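Trainee: Could we go through this model together, setting each label against its definition?

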Amino acid sequence: MKMIQEIEYKQVGTFEDTKYERIHNEIFSDSSIASRLVANEIASLIKQKDEEGKPCVLGLATGSSPIKVYEELVNLHRSGELSFRNVVTFNLDEYYPMDCDHQQSYYHFMHQHLFDHVDINPENVNIPKGDIPLSDMDQYCIDYEMKIKRYGGLDFQLLGIGRTGHIGFNEPGSHPNSGTRMITLDHVTRSDASSDFNGLENVPKKAVTMGINTIMKSKRVILLAWGHKKATVVKETIEGEIIPSIPASFLQEHKNTTIILDSEAASELTRIKTPWLVDQCIWTEALKFKAVTWLSQEVKKPVLKLTDKDYNEHGMSGLLALEGSSYNLNITIFNKLQHTITGWPGGKPQADDTNRPERAEPSKKRVLIFSPHPDDDVISMGGTFLRLIDQGHDVHIAYQTSGNIAVTDEEALKFAEVAQSFNPDNRDTVYQRIIESLRSKKTSDIDVLEARKIKGLIRRMESLGATRYFGLEDSKVHFLDLPFYETGKVKKNPLGAEDITIVQSIIESVKPHQIYAAGDLADPHGTHKVCLDAIFAAIDRVKDESFMDDCWVWLYRGAWQEWDVSEIEMAVPLSPDEVNKKTNAILFHQSQKDRVMFQGEDAREFWLRAQERNRNTALLYDELGLADYEAIEAFKRYKFK
Ligand code: F6R
């Protein structure tokens with residue numbers, strides 16, 4: 001079988017580098033490249049089996065991880081390179097109870113992403129059924145297992161991994177000998193699925209899944225993991241003990257498994273996070289910065305107090321030899337950290353900017369802040385936003401999406417009812433239509449256009465509340481309503497040329513000296529990533545225009561995460577008063593308060609999370625031996641040329 005290493009790819013690390021890892025894994029800079037290679041391996045296997053006159057038995061997964069692999073397989077089929085005539089598939093799992101035609105069924109998913117677009121014989125498709133009576137379930141599971149066996153077992157199993165460490169829906173506690181069976185879903189798994197189901201209460205509590213043993217018997221296993229959310233469980237799976245609380249760790253005993261990672265999912269692996277603990281390193285400036293800031297946190301000492309002994313005991317004697325002494329190294333890193341701090345995010349006029357994060361000139365800059373949703377600007381960089389305005393820059397804000405699906409029906413109803421009450425006798429109004437549609441809406445229904453419109457408008461007005469509070473003129477506020485977002489569903493359309501053109505035109509009309517963007521680089525499906533891709537694509541189109549020679553791009557992180565301290569290139573301290581103003585601005589987003597629809601697992605409100613995050617960054621700087629600020633917002637520069 002063609003191993004993935006034989007094919008050309010952009011790989012950022014190899015298995016051989018490490019003594020900690022117990023499963024073969026490959027790390028890629030980008031999940032698209034990795035997915036293409038996995039699809040190629042599957043395609044080679046299908047062809048090889050075909051040449052041998054045998055069926056190719058594939059175990060398939062759902063979820064966000066394999067989507068691009070399926071896209072590639074469909075492309076290979078469309079280009080005439082691959083036929084699925086000899087392919088038999090067995091899917092890992094299905095929710096229970098679940099009808100095939102439900103939008104969230106895995107049956108629907110597989111047809112939407114793969115089966116409807118290839119020449120597979122429908123009789124060769126096997127997906128566990130979520131709609132059979134409980135009393136028939138045991139026999140059904142035995143039959144599913146036996147059917148796989150009759151085909152000679154799985155030739156290939158594709159897997160994702162849940163944050164609980166589940167493979168298939170084998171949740172923590174699953175036995176290595178388990179076969180296909182019913183299982184109760186873990187709370188974390190249900191909460192991860194809650195936005196797809198429009199709320200936790202709609203996520204099924206059970207599922208039917210192939211067992212650990214079913215998976216282990218497959219001749220080849222590839223597990224895919226993308227994004228920082230998977231980083232911890234990936235480390236536990238690859239470096240930890242084999243334990244039922246991390247079911248994926250059983251794969252350590254499978255002799256032909258490869259785990260395919262993007263750089264974010266690999267970020268907690270020892271050889272990536274702390275490579276000096278694994279082997280000799282090539283000490284780039286970036287790695288030195290990362291290592292010393294890590295050491296300072298590890299031994300809980302400010303940078304300037306680190307000793308030769310600290311370095312030697314933490315795998316950094318090579319670095320010490322290179323630098324001469326801890327004294328010199330400590331000062332270099334301390335200065336570097338200090339130079340990230342500035343109260344002048346738009347540059348300090350007439351100051352020497354050699355060691356400042358931003359240029360002094362032009363002293364009044366044109367600034368374009370992109371916010372994926374209508375509140376990311378204030379949540380993630382509200383203090384910096386305010387400073388840029390107060391320091392006299394020409395600030396523009398561009399809200400990329402309408403954010404309409406995150407407004408509850410109740411909230412929209414409230415506004416429609418208020419509007420309708422002005423003229424209660426006229427029932428032929430848009431408000432009345434919105435009221436009626438929302439009142440008769442079922443959980444799985446998509447909002448009618450007018451209801452979506454009012455939801456978008458609610459968020460628009462909230463944004464204007466916040467920007468007016470900051471003293472920004474309405475003419476500087478741009479609502480882009482990018483079309484990819486406007487599906488009325490959690491699942492969005494792929495980024496299209498029109499989206500990129502809209503972003504391009506706002507860049508061309510503002511001609512900014514600074515662009516700020518939400519840099520959630522690794523979230524494969526999130527709106528933030530799509531919005532960032534739109535900005536990168538637009539920048540790519542305009543990068544040769546002369547105004548772009550003076551344009552710097554700064555990335556901030558979304559509501560859930562902060563940059564690692566070694567990645568921060570500009571740290572903007574906030575005073576207690578600025579923290580209050582930022583909080584007030586976030587509170588203008590009333591529809592996102594109290595009961596947020598897509599909150600993630602952190603139940604706290606956004607203003608609280610933002611406060612805590614900025615406070616923690618300030619604490620970190622303090623612990624590294626810098627000044628003790630109230631709060632800090634952090635940015636990393638993106639260089640496009
Ligand atoms: C899907 C499945 C699950 C997912 C896992 C990761 O058939 O069995 O194990 O692979 O929950 O889901 P994503 O890829 O959405 O992060």
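**Labels and their grounds**

Mentor: Five bridges link β15 (residues 514-518) with β16 (residues 552-556), and the two strands run parallel. This is a predicted model, in which local features need pLDDT of at least 70, side-chain atom pairs count only at pLDDT 80 or more, and totals for chains, interfaces and linings use all residues. Residues are numbered from 1 along each chain as its sequence is written, and side-chain values use heavy atoms, with hydrogens and water left out.

Trainee: What makes β15 and β16 paired strands?

Mentor: Strands, which are DSSP runs of E with at least two residues, numbered from the N terminus, pair if DSSP finds at least two bridges between them. With five bridges, β15 and β16 therefore count as paired; in one of these, A517 has L555 of β16 as its bridge partner.

Trainee: Which strands make up the open sheet, and in what order?

Mentor: Seven strands with mixed pairing follow the order β14-β13-β12-β15-β16-β18-β17.

Trainee: Why are β14 and β17 called edge strands?

Mentor: Because β14 (477-479) and β17 (570-574) each have a single partner strand, one side of each is left without a neighbour in the sheet.

Trainee: Why is I331 called partly exposed?

Mentor: Buried means under 20% relative accessible area and exposed over 50%, with partly exposed in between (1.4 Å probe, protein chains only). I331 has 32% relative accessibility, so it counts as partly exposed. The residue lies in helix α12 (residues 326-340), helices being DSSP runs of H or I with at least four residues.
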